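Here are a few friendly notes to read alongside the model. Please keep the sequence and the 3D view open as you go through the points.

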Amino acid sequence: FDIDRSVDEIINRVGPRLVIATPLGLGKPVQLLNALYKKALADSSIHITILTALTFLKPQVKDRLVKKFLDPFFDRVYGDYEDLLYEIDRR
């Protein structure tokens, strides 16, 4: 599966103005959304509007002791879940 090729195909078929509705909470196609977002950041002719309700990021713990306690739990729950770039930028 070539995500960049898929992004190019979406833009070729739909055009440079994308309106994307995503599921509530979990279940978003994170890799695809991130690839579309990166493409729009790199090319100012592409405009994306993302419609969604809840978007989650993996929790970030700064306290060393709490981090040591919670990191194994976060690793089990989130695994290699990729954060959504648009949500990182929004925050």
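1. Start with Lys39 and Asp8, whose side chains meet in a salt bridge, with N and O 2.9 Å apart. This is a predicted model, so please read each distance as a computed value. The pair links distant parts of the chain: Lys39 sits in helix H2 (residues 30-42) and Asp8 in helix H1 (residues 3-14), 31 residues apart.

2. How exposed are these two partners? Lys39 counts as partly exposed, at 30% relative accessibility, and Asp8 also counts as partly exposed, at 34%.

3. Next, look within helix H1, where Arg13 and Glu9 are four residues apart, a separation of about one helical turn. Their side chains meet in a salt bridge, with 2.6 Å from N to O. Arg13 is exposed, with a relative accessible area of 68%, whereas Glu9 is partly exposed at 37%.

4. Now turn to helix H4 (residues 85-90), which holds both Arg90 and Glu87, three residues apart, or about one turn of the helix. These two form a salt bridge, and their closest N and O atoms are 2.6 Å apart.

5. Is Glu87 buried or exposed? Glu87 is buried because its relative accessible area is 4% and buried means under 20%. Salt bridges with shared partners join Glu87, Arg90 and Arg91 into one network.

How values were computed. Residues are numbered from 1 along each chain as its sequence is written. This is a predicted model: local features need pLDDT of at least 70, side-chain atom pairs count only at pLDDT 80 or more; totals for chains, interfaces and linings use all residues. Side-chain values use heavy atoms; hydrogens and water are left out. A salt bridge is a side-chain nitrogen of Lys or Arg within 4 Å of a carboxyl oxygen of Asp or Glu. Helices (H or I, at least four residues) and strands (E, at least two) are DSSP runs, numbered from the N terminus. Buried means under 20% relative accessible area, exposed over 50%, partly exposed in between (1.4 Å probe, protein chains only).
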